[in-house]
Amino acid sequence: MMGGVNIISMEKNMKNTISTLAATALLASTTSVSAADVEVLHWWTSGGEAASVNYLKEKLSGAGVGWTDFAVAGGGGENAMTVLKSRAISGNPPTAAQIKGPSIQEWGDLGFLADIDGVAQANDWDNLLPAVVSDVMKHNGKYVAAPVNVHRVNWMWSNPEVYAYAGATIPTTWDDFMVQAKKLQAAGFVALAHGGQPWQDATVFEAVVLGVGGADYYNKAFVDLDMDALDSATTLKVFETFGNLRQFVDANSPGRDWNVATSMVIEGKAGSQIMGDWAKGEFKVAGKSVGTDYVCTAAPGTSGAHTFNIDSFAFFAQSDAASTEAQNIMAAEILGTDFQTVFNLNKGSIPARLGVSRAEFDTCAHDSMDAFVSASASGSLVPSFAHGMAMSSAVGGAVTDSATNFFNSDQSAADGVAQLVASIKAAM
Ligand code: BGC
């Protein structure tokens with residue numbers, strides 16, 4: 001850990017570097033094209049997400065860099081990735097794109113990404129970032145991406161008034177979830193606010209995997225892709241539990257966006273939503289207070305564990321110097337303490353870098369910060385496969401398809417396991 005003095009001097013260095021870069025960019029931007037603009041692809045279009053991305057825009061504008069928005073709506077980013085591929089293949093990639101986890105390696109292997117190691121070294125990123133974060137940002141040992149946050153995915157967001165009205169208590173195990181959810185239903189509420197989109201099905205599936213099987217099983221089966229762990233009695237139990245949740249989702253869930261599901265909890269129509277902490281951004285935009293209007297608890301059976309999902313921007317190789325400078329300024333701004341604070345207060349996540357004060361963050365963020373550290377020590381810090389942190393995109397797609405096919409059909413748990421195993425084998 002770093003002492004306060006070091007952090008202050010690092011911040012000063014960073015500011016100096018940023019102003020040098022900004023000055024260079026200004027000098028270089030005398031061509032007719034607005035050379036210091038960045039075009040940024042992302043999928044942050046909900047209320048909380050838009051507030052977050054607007055802050056990045058604002059920071060860059062302060063540093064003299066213009067913003068061309070390339071937003072592709074669709075939670076989880078599947079649509080955005082499809083559009084990005086077609087832009088890149090046609091030789092016209094954006095300056096930066098929201099790319100995460102092992103996909104960064106895939107884009108790097110294809111030769112698309114820019115080396116931003118100069119900015120990273122000048123600002124000491126190796127010491128500012130936990131290794132679990134910095135490892136993902138590098139390709140062949142060089143930084144090609146900058147992390148904006150760490151989301152915790154294994155959360156459950158609940159409306160305490162709904163629970164109280166129904167005489168139910170917020171469950172901490174999946175077995176108890178089934179009991180409490182029945183009470184919510186009997187009182188006329190939707191028990192599980194859910195949007196029937198493949199990535200949301202996978203998000204709930206992932207929480208069940210961790211809650212039922214624990215972190216060791218999670219890692220063996222869904223990170224190492226160990227076939228014995230996958231084709232096991234534990235996976236059968238996972239599918240049985242996941243299948244039991246079908247009854248708690250309302251008939252209007254197919255196609256529903258995740259933030260609309262969050263608003264069902266906000267408005268007291270539903271008891272809980274299983275969703276990453278980007279959901280907190282929606283409670284914030286709605287003016288709700290944690291502890292009274294809503295409660296964040298670990299998804300059933302997962303307290304103490306932390307399923308991480310790191311958002312990052314990967315940078316695409318540029319052909320002119322001014323665009324490269326603008327890109328470098330963006331990279332440096334992203335790691336600043338002010339950006340990491342304000343962005344994450346809006347986004348619901350926690351800073352990706354060390355040395356940011358906890359003071360302004362709420363209890364859910366503190367829980368996430370504490371769980372990140374303790375889970376890392378106890379081996380229960382796991383990468384989110386539903387959010388592209390654990391597997392190649394091909395295997396990740398196979399898991400998502402299996403989860404969604406199962407959840408939206410009357411497939412038996414045994415068939416669910418068989419399909420999962422077969423589709424992972426085919427995608428490997
Ligand atoms: C991203 C989040 C985003 C969420 C919903 C996740 O995959 O990591 O930043 O808020 O999808 O769109």
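Two strands count as paired in this predicted model if DSSP finds at least two bridges between them.

**View 1. An open four-stranded sheet with mixed pairing.** The strands of this open sheet follow the order E9-E10-E8-E11. Its edges are formed by strand E9 (190–192) and strand E11 (295–298), each of which pairs on one side only. On average, and with direction ignored, neighbouring strands of the sheet are turned by 20° against each other.

**View 2. Strands E9 and E10, with helix H13 lying across them.**

**View 3. The disulfide between Cys 296 and Cys 364.** In general, a disulfide is a covalent bond between the sulfur atoms of two cysteines. The structure has a count of one disulfide, formed by Cys 296 and Cys 364, whose sulfur atoms are 2.2 Å apart.

**View 4. The salt bridge between Glu 39 and Arg 87.** Among the eight salt bridges that the structure holds is one in which the side chains of Glu 39 and Arg 87 meet, at 2.7 Å from N to O. Glu 39 lies in strand E1 (residues 38–42) and Arg 87 in helix H3 (residues 78–89), so that distant parts of the chain, 48 residues apart, are linked by this pair. Arg 87 counts as buried because its relative accessibility is 16%, and buried means under 20%.

**View 5. The salt bridges Glu 267 with Lys 269 and Asp 311 with Lys 347.** The side chains of Glu 267 and Lys 269 meet in a salt bridge of 2.8 Å, N to O, and Lys 269 is partly exposed, having a relative accessible area of 46%. In the salt bridge of Asp 311 with Lys 347, the closest N and O atoms are 4.0 Å apart. Asp 311 lies in the loop between strand E12 (306–309) and strand E13 (312–315), whereas Lys 347 lies in helix H16 (residues 337–347), so the pair ties together parts that are 36 residues apart in sequence. Asp 311 and Lys 347 are both buried.

How values were computed. Residues are numbered from 1 along each chain as its sequence is written. This is a predicted model: local features need pLDDT of at least 70, side-chain atom pairs count only at pLDDT 80 or more; totals for chains, interfaces and linings use all residues. Side-chain values use heavy atoms; hydrogens and water are left out. Helices (H or I, at least four residues) and strands (E, at least two) are DSSP runs, numbered from the N terminus. Axes are lines fitted to C-alpha atoms, for helices over the stretch in contact, and angles run from 0 to 180 degrees between N-to-C directions. Contact means heavy atoms within 4.5 Å. A disulfide is a pair of cysteine sulfur atoms within 2.5 Å. Buried means under 20% relative accessible area, exposed over 50%, partly exposed in between (1.4 Å probe, protein chains only).
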